[in-house]
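Hi,

Here is the structure I said I would pass on. Have a look at it first, and my notes follow below.

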Amino acid sequence: MAEKSFDLAQQIFKKTHLPVRVDVFHESNLGRAQLDAFLQTIVGGAVGVAPSYGSKCILGAIALASTSHVLFIRLSSPKSRQKRGRQIPPGRALLQDLVFCSPTSKYAFKLDKLAVALYHDIGLRITNGIDLLSVAKADRHSFEAILQALGGETMLNKSQVSALFKHEENAGSRLEDTVLQAWAACQVASLDHMQKRLTKISRVDTLRVHQTHLSVLSKTLRDSNRLLALKPTRVKNDIDNNYSQKHGNLQLVCSRFKTRIMHPGNSQTMEIQTTGQQNQIKGRTTKVTGRAVTISLQGVLRGDIRSVTTIGREDPTSAEAMRGRIILKALQGDNKILKQPFVQRIWLPSDAISWAETPSSSLAIDIYFPSPRALNRSQNSAVTAILSSDSANRTVLIHGPPGTGKTTVIAAAVTSIVNSADRTLTVWLVAQSNVAVKNIAEKLADVNFFDFKLLVSKDFHYDWHEHLYEQIEQNVIRSDDFVDDVVAMERLLLGSQVILCTLSMLSHARLSTFARLVPPRTMIFDEASQIEIGDYFPPLHRFCHTLRKLVFIGDDKQLAPYGESDVEGLCSVFEKPHLRNGAVFLDTQYRMPVPIGNFISRNVYSKRLKSVHEIKAASCCSFVNVPNGREERKGFSWVNTQEIRAALKLARLFHATGKSYRIITPYDAQRSQLENGLKAEKVPWQDRCFNVDSFQGNEADHIILSLVRSEKIGFMKETRRVNVMLTRCKKSMIILTSREFVEGKAASSLIGKLAKALGPERWVEVEAIFNGSFRAL
């Protein structure tokens, strides 16, 4: 018997329809009789399906709809499913046999996500599934796509449709919303003008997908959905004090790239709070040019602006959208992504792999690296593996701890390939971040190699980071200069066979012209330990016909992929044992003074890391006791005011003596206050203060660390992040913290172990910084 039954009227379509009968069941109470009664209401062999997802994107309920009736089925919680083990409830088995794997056509707006959830969460397959958003010409993540999938704007009450799909099938969705989404999906199947378009859509049939392959697709899409859900729905935007209001528009200037106002997503609006108004003024961004932004206001601002906030989650990036399309097409049987050799090598090592033949002319490449410093033995091994054309070396992993010359290895591989006799060889150098790509470019320039082009997004470059590219300005091609004309692009490339770009740039709509002129043969990924493995789907699919070699360089003892602590099982290629076990280890670091390098070797790299450095005295590292410093919560972050005072004093000292330094902290609120403090002190502040998560791959002569915490160890539990913090200095490191805290609650952390290893003589009191008795190295 149903838990409850009720009639529900719809206001989605302008045309009048009779109320829909809704019956609500828990899956444990769902029997053959209830399903048979529902199946008898089906007209034209079409069933609308809509899911409701709970936390972690796990399927919580399913609505099945005919044109007159809807079954809303609540599923058991994940915990109760675990207790039950492999036993499938009778109601669920009936759902698969009588509905999901029956000849009936199943219509859903996001059939890819639903098919994955059915398999991943409750072990069911689906056949004859039709993804309604596939009929839309607009971006499938847009409101326009929903309107098109529903038959067109002229048939619909837009405000009702907007409200219905507001929560995107997620935990905030009401039962009534899920019911109406399923009913609307079924209704679309009955619209005469949609029939031809619907028949052109390939059907999803997970029964025909091998279990191992389906597991890869479902895990990859689920991880993608989880990561999208982690994107913030509110971002406080940092702006300059200079702004103006004219003709209903607000012109302002953003002051920080990380919190900048971006081109608006489909569901994003702006919220402005002023001193003269109790309620916020709403608006929508209409123009973004570098730092300058124009917002169309829904009202008049009175008083000074107190805050500007972006409301709503940003749209998927082009790379995220491409990843979703690839998996949808795989579920529809329209691509063979899991039959591609590199995909098999990474995800399906037990599959038989058939590699494309390598031309005989490229079988032997000698190492050519015109640098004053010769490669060490481990670097030589890494470059040799990159240059090898053996099938066993089609994928190469290189494990490079901090300061071991990962960019040197990349530069040596590039100069060797370009110097070879085979002029058809190309190299694409890819990294997760723009800064890492820039660092590779500068390393190439250091060895006097300038025959490359660096592709960079206008949004990152213009008005924000032009200064980072001064040394290699002639090599930069900005995204607003990308064209489809081959002749024009040839003029930009000037014959370069080496391309540098970010991972996301590989999904740019206009990259195809570059790929025609410089077909990707060898693709080298730096920072690979920070790249979530599913992010490789777009480039592997897009360049499958030309790729011959993949190289992954990184360090799984440093920063993990974003979201790793929130999404179970999220990993990089370094967490794949069949790949990781054969990695080449770079065994000598040249960045850190010997005492720091040796400590890191013992405590992080199992004593495998050697140090070569001119500084051998323990005085390279100092702990500064800030006994009155207290951690204070600031929003979702933390600050420590006394540590800020000490850090600013040290910054003035380094600036006055002309020393290169950076300040690193694990908390963004602390970073922001440190930066504001430098501004107030009239000390150069740009690119001086960093959150540790944005500083991997960077270095400075002198590093100041502000640990912030004084009560709970917080971030110090995350050894990978701490490892990054402790390995950035080239000459000295000063750590601001509480001695009582480090020697007490944090004694077992990496920082606590470092303090113990260096001994009590490396502690100084904070007063020494202010009275001038402290002498930095």
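Helices (H or I, at least four residues) and strands (E, at least two) are DSSP runs here, numbered from the N terminus. Bear in mind that this is a predicted model, in which local features need pLDDT of at least 70 and side-chain atom pairs count only at pLDDT 80 or more, while totals for chains, interfaces and linings use all residues. Residues are numbered from 1 along each chain as its sequence is written, and side-chain values use heavy atoms, with hydrogens and water left out.

First, the annotated regions. UniProt, in an unreviewed entry, has "domain: DNA2/NAM7 helicase helicase" at residues 375–446 and 484–561. Its positions are in the numbering used here, feature names are shortened, and annotations may be inferred rather than shown by experiment. Residues 375–446 come out at 53% helix and 14% strand, with 15 Å between the end C-alpha atoms. For residues 484–561 the figures are 26% helix and 19% strand, and the end C-alpha atoms are 33 Å apart. The unreviewed entry also places "domain: DNA2/NAM7 helicase-like C-terminal" at residues 573–739. That stretch is 32% helix and 25% strand, and 39 Å separates its end C-alpha atoms.

As for the domains, the chain splits into domain 1 (4–230), domain 2 (234–311), domain 3 (376–586) and domain 4 (616–771); these bounds come from an automatic or database domain assignment. Between the C-alpha centres of domain 2 and domain 4 there are 34 Å.

Now the helix pairs. Axes are lines fitted to C-alpha atoms, for helices over the stretch in contact, and angles run from 0 to 180 degrees between N-to-C directions. In α13 (residues 406–419) and α14 (residues 434–446), the axes come within 9 Å and cross at roughly 60 degrees. The pair is therefore oblique (under 35 degrees is roughly parallel, over 145 roughly antiparallel, 65 to 115 roughly perpendicular, the rest oblique). On the α13 side Thr407, Thr408, Ile410, Ala411 and Val414 meet Ile440, Lys443 and Leu444 of α14, where contact means heavy atoms within 4.5 Å. That contact has 5 nonpolar, 2 polar and 1 charged residues (Ala, Val, Leu, Ile, Met, Phe, Trp, Tyr, Cys and Pro are nonpolar, Asp, Glu, Lys and Arg charged, and the others, Gly among them, polar).

Helices α21 (residues 641–656) and α22 (residues 668–680) have axes that come within 10 Å and cross at roughly 45 degrees, and are therefore oblique to each other. Glu643, Ile644, Ala647, Leu648 and Ala651 of α21 meet Gln670, Gln673, Leu674, Gly677 and Leu678 of α22. By class, this contact has 6 nonpolar, 3 polar and 1 charged residues.

Lastly, the axes of α4 (residues 111–122) and α9 (residues 211–230) cross at roughly 115 degrees and come within 9 Å. Their contact divides into 6 nonpolar, 5 polar and 5 charged residues.

Cheers
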